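Hi everyone, thanks for coming. I'd like to walk you through a structure today, so please have a look at it with me.

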Amino acid sequence: MSFISLLWVLLLGSLLGLELIGKVPPTLHTPLMSGANAISGITMLAALTLIVKAEGNVPLLIIGSVSLGFALFNVVGGFFVTDRMLAMFSRKPSNKK
Amino acid sequence: MNLPVIIKFVIDLLAVLLLALGIKGLSKVKSARDANRLAAFAMSLSVVGLLSYYLGTSGIAIQSWIWIIIGSIIGSLFGAILAKKVPMTSMPETVALFNGCGGMSSLLVALGVAIFPISSSAENFDFFKSLINEVSISVSIFVGAITFTGSIVAMAKLQGWLSTPGWTQSKFRHFVNIVFAVASLIAFFDLINGNTSSIWLLVIVSSLLGIGVTLPIGGADMPVVISLLNSYSGIAAAAAGFVVDSQLLIVAGAMVGAAGLILTQVMCKGMNRSLVSVLFGGSLSAQSTASSGSGEYTNITSCSVEECALTLEAANKVIIVPGYGLAVAQAQHTLREVTKKLEQNGIEVVYAIHPVAGRMPGHMNVLLAEADVPYEQLKEMDVVNPDFPATDVVLVLGANDVVNPQAKNDSSSPLYGMPVLDVQEARTVFVIKRGMNAGYSGIKNDLFDLPNTSMVFGDAKKVLNDLIGELKDLGVGEK
């Protein structure tokens with residue numbers, strides 16, 4: 001990929017992000033923040049790339065592995081905790097009886 | 001284009017589409033839960049895409065697999081355990097911690113690439129490309145480090161492990177932060193010039209900058225900061241995408257960065273604060289110590305739980321104003337018991353939710369939903385404010401600043417202009433509170449002095465339990 005096309009990708013991605021969230025009810029601010037936060041753990045892909053390309057360089061493998069751990073901590077924890085929050089909204093009082 | 005490249009391209013495209021749909025869906029109550037799962041699915045899809053691409057092209061060494069598995073298992077396990085165990089009340093600091101780790105991950109990737117250049121980028125070396133590489137590495141380190149230390153400080157402050165040191169409220173802090181910023185800029189250019197050792201300087205000063213910027217910010221503004229740092233971690237991810245040449249990372253990172261920025265803006269609006277004043281204004285309580293010295297309470301009426309129960313029994317319409325104090329006392333379930341009794345007696349009960357009730361916008365809704373309060377009974381501020389004059393009883397539970405009439409009446413008050421709930425318009429107001437301590441802002445609450453306000457002193461949970469007993473004695477909720 002040339003640098004210029006990567007810049008296009010950056011630009012279009014930012015515009016998409018700006019458009020996606022228009023009106024959010026305050027109820028959803030915390031879950032939305034937490035969900036978006038989980039997505040930002042996508043750096044796990046960079047960590048994976050690093051490990052695959054390390055070619056036996058042990059310090060690099062370790063750095064990649066630690067980085068992958070941090071990213072997955074963010075991703076897995078983030079999605080679970082968001083789900084926990086959202087599960088409370090969907091629970092109807094009627095099906096408790 | 002060979003097959004692995006095409007497959008990866010298709011999977012990446014699909015993942016971006018699903019992630020975008022996920023973020024979009026998360027902003028609607030109905031679709032939010034499915035959207036969250038969709039985003040999670042998209043993330044795992046992207047991992048499959050990446051791994052299959054390398055399997056189909058260069059192959060993945062056994063050694064790499066081992067380190068991949070070690071890192072994934074440890075990270076996922078801790079993440080899952082924390083997510084399951086953490087109480088709903090400490091949600092904001094949890095999000096901060098997760099966010100900080102995302103930033104740390106981007107930082108480490110960039111650091112790894114900088115110290116041990118990846119072989120593929122070295123083989124077709126050209127000046128322009130290596131410049132881009134160094135810029136994106138520096139950005140990734142800079143933003144990643146700020147996200148990490150900033151989030152950790154935010155978490156520590158919300159947990160109460162860190163208080164706001166006095167010197168951070170003076171003008172001196174701007175000087176310190178400017179020094180850090182300039183130093184990181186120097187390290188940045190030094191690094192681009194090919195001086196690899198300055199990378200450590202960059203790591204250190206940008207970490208310090210993250211601390212220096214977050215430390216002076218008061219607890220009430222912390223949610224905005226976390227949201228902003230969340231946006232940063234997206235930017236850090238996008239920068240890491242440039243480092244390893246991944247379009248998917250760039251798109252997803254940019255999306256989160258931009259969406260986080262919008263969300264930050266929305267939150268600021270809800271609190272009537274501008275982003276600039278949150279970041280550079282210091283904490284509200286520090287500004288107000290001068291002006292609130294004048295405020296002594298003169299006309300406090302305290303009353304017993306029994307009186308409160310009697311008034312509630314005679315009411316037709318009751319509005320509950322929950323605040324963070326309720327959450328701290330874990331009293332949301334007890335509160336639900338009380339309101340159930342009132343409803344059984346035909347009393348109309350609604351909950352007035354201030355946009356920043358709790359510690360984070362939407363936090364209180366989550367806590368009340370946990371206690372099975374029907375969603376329809378949660379009313380937002382603008383909807384509920386016109387109802388107060390026609391309300392018999394308002395119960396304020398652990399809320400303070402959000403019901404302070406000063407925000408409307410007193411232009412010298414630091415709270416002036418903040419949207420508040422007009423509880424004083426109701427016939428009777430009961431404030432359940434542990435003592436006369438001020439709220440987050442540290443400002444005297446004029447509401448407590450009003451003749452129609454009565455204070456019920458005690459822990460929210462205990463008072464509510466007593467209230468249940470008194471209501472039972474009165475025969476409320478038995479029919």
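I'll start with the contact between the two chains, then turn to chain B. One thing to keep in mind is that this is a predicted model.

Let's begin with how the chains meet. The contact draws on 78 residues from chain A and 101 residues from chain B. On the chain A side, the elements that contribute two or more residues are α1 (3-20), α2 (29-39), α3 and α4 (58-90). Which of them gives the most to that side? That is α4(A), with 31 residues. If you sort the chain A side by residue class, you get 49 nonpolar, 24 polar and 5 charged.

Now let me zoom in on α3 of chain A, residues 44-53. I'll take two of its partners in chain B in turn.

Partner one is helix α2 of chain B, residues 32-56. The two helices pack at an angle of about 20°, and their axes are 10 Å apart. α3(A) and α2(B) are therefore roughly parallel, and their crossing is right-handed. Who touches whom here? From α3(A) we have Leu45(A), Leu48(A) and Val52(A), and they meet Ser46(B), Val47(B), Leu50(B) and Tyr54(B) of α2(B). By class, that contact holds 6 nonpolar residues, 1 polar and no charged.

Partner two is helix α4 of chain B, residues 91-115. The axes of α3(A) and α4(B) come within 9 Å and cross at roughly 30°, so these helices, too, are roughly parallel. The crossing of α3(A) with α4(B) is left-handed. On the α3(A) side, the contact is made by Met44(A), Ala46(A), Ala47(A) and Leu50(A), and on the α4(B) side by Ser105(B), Val109(B), Gly112(B) and Val113(B). The count for this contact is 6 nonpolar, 2 polar and no charged residues.

Next, a single residue for those of you who like to think one side chain at a time. Phe89(A) sits in helix α4 of chain A. Is Phe89(A) buried, partly exposed or exposed? Phe89(A) has 19 other C-beta atoms within 10 Å, so this residue is partly exposed; the cut-off for buried is 20 or more. Setting aside neighbours within four places in sequence, Phe89(A) is in contact with Val29(B), Ala369(B) and Tyr375(B). Back in its own chain, Phe89(A) is 62 residues from Thr27(A) in sequence, yet their C-alpha atoms are 9.5 Å apart.

Let's move over to chain B. Its secondary structure comes to 19 helices and 6 strands, and of its 479 residues, 53% count as buried. Among the chain B contacts with a separation of 6 or more, 80% are between residues 24 or more positions apart.

Here are two places to look. Helix α1 of chain B, residues 3-25, spans 33 Å from its first C-alpha to its last, close to the 33 Å expected. Its buried residues include Lys8(B), Asp12(B), Leu19(B) and Ile23(B).

The other place is the pair α7 (172-192) and α8 (198-214) of chain B, which pack at about 155° with their axes 8 Å apart. That angle makes α7(B) roughly antiparallel to α8(B), and the crossing is left-handed. Among the residues in this contact are Phe180(B) and Phe188(B) from α7(B), and Leu202(B) and Leu209(B) from α8(B). By class, the contact has 14 nonpolar, 5 polar and 2 charged residues.

Technical notes. Residues numbered from 1 in each chain as written. Chains lettered and ligands numbered in written order. Predicted model: local features only at pLDDT ≥ 70, side-chain atom pairs only at ≥ 80, totals over all residues. Helix = DSSP H or I, 4+ residues; strand = E, 2+ residues; numbered from the N terminus. Expected span 1.5 Å × (residues − 1). Buried ≥ 20, exposed ≤ 12 C-beta atoms within 10 Å, placed from the backbone. Axes fitted to C-alpha atoms, helices over the stretch in contact; angles between N-to-C directions. Parallel < 35°, antiparallel > 145°, perpendicular 65-115°, else oblique. Left-handed = near helix turned anticlockwise from the far one by under 90°. Contact = placed C-beta atoms within 7 Å. Nonpolar A, V, L, I, M, F, W, Y, C, P; charged D, E, K, R; others polar.
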